[in-house]
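Open the model in your viewer and keep the selection tool at hand.

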Amino acid sequence: MAERSLIFAANWKMNYGPSEARAFAQKFLPLTAPAEGRNLWFFPPAVSIGALSESMKSRSDVTIGAQNVHWEPKGPFTGGISIPMVKEAGARLTLVGHSERRHMFGETDDQVAKKTRAALSSGITPLVCVGETLAERDGGRTEQVIVRQLGSVLQALKVDDWSRVVLAYEPVWAIGTGKNASPDDAAQIHELIRMELGRNSVGVRVPILYGGSVSKDNVAELLTRPQIDGVLVGGASLQAEGWADLVEKGSKAKVRPSGWHDAVEG
Ligand code: PEP
């Protein structure tokens, strides 16, 4: 098994078309040298996957992903984009079940499970997001929600599949709000997720990222928690200088447990 990496994942959401993506790459790449055991992941809008992949192809530490895919390879799904299509454009990863997909576009646990399984069978790495809303948190249902969201993916996959899955804990109330989960709270939910994986005989050490208002000011403290294997970042990944700064600050802070492995297929 290859060495496991610290992961910095940038979710650009609905920002940056192809020319802006190229301009970002030109600015960003000289600001970050490749570093041993560190992976930089970018999730641009689908139309920019090709441009960003091409602009960053000189960097083996960079991997490009889609923000959303359909589980079917082709057919009458107007507006849908399939995994073979994003793969051809250069994607090797896909986000699955981001809270904006779940809560704004009505994506269900069942669809999240189908997309995860389809990504794995097409040879791309799914980064599956789970997280509770504010109402669920205030109602004391955080644990129940996380276990339910994870449960549908656990049901759909075989134990062996998990060596190619990455998870992100993203509390919905923390996304884009400037209110991140405290490092201890995040670490506690990461532990819960790991216990749930263990209870389902998933023995491999699946990387678990934290996402939700991560910034250059809080990334160091979050990453000092051994339970947090990396970060998934929206707003703070949109400016090349700011993103490079966050990546450097986070990298310095991280203490890496031994035995990490790289979850991305070549
Ligand atoms: C996200 O989009 O996954 C996210 C965590 O956004 P932000 O960093 O802006 O909260």
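Predicted model: local features only at pLDDT ≥ 70, side-chain atom pairs only at ≥ 80, totals over all residues.

A polar contact here is a pair of N or O atoms within 3.5 Å.

**The ligand.** Select the ligand and the 14 residues around it; those that come nearest are Lys13, Glu170, Gly176, Ser213 and Gly234. Show the side chain of Glu170: one of its N or O atoms is 2.8 Å from an oxygen atom of the ligand. The side chain of Lys13 also has an N or O atom by a ligand oxygen, at 2.7 Å. For Ser213, display the backbone, where an N or O atom lies 2.8 Å from an oxygen of the ligand. On its own the ligand has 300 Å² of accessible area, and the protein covers 96% of that. Colour the shell by residue class and you will find four nonpolar, eight polar and two charged residues.

**Helix α10.** Next select residues 240-253, which form α10. From first to last C-alpha this 14-residue helix reaches 20 Å, close to the 20 Å expected. Which residues of α10 are buried? They are Ala240, Trp243, Ala244, Leu246, Val247, Gly250, Ser251 and Ala253. Residues three or four places apart in an α-helix point the same way, because there are 3.6 residues a turn. Now show what covers the buried residues of α10, including β1, α1, β2, α9 and β8.

**Asp161.** Finish in the loop between α7 and β6, where Asp161 lies. Asp161 counts as buried because its relative accessible area is 14%, under the 20% cut-off. Its side chain reaches the backbone nitrogen of Lys158 at 2.8 Å.

Technical notes: Residues numbered from 1 in each chain as written. Heavy atoms only, no water. Near = heavy atom within 4 Å. Polar contact = N/O pair within 3.5 Å; in protein donor to acceptor, adjacent residues only side chain to side chain. Areas by Shrake-Rupley, 256 points an atom, 1.4 Å probe, with all protein chains shown as cover. Nonpolar A, V, L, I, M, F, W, Y, C, P; charged D, E, K, R; others polar. Helix = DSSP H or I, 4+ residues; strand = E, 2+ residues; numbered from the N terminus. Expected span 1.5 Å × (residues − 1). Buried < 20%, exposed > 50% of the residue type's maximum accessible area, 1.4 Å probe, protein only. Contact = heavy atoms within 4.5 Å.
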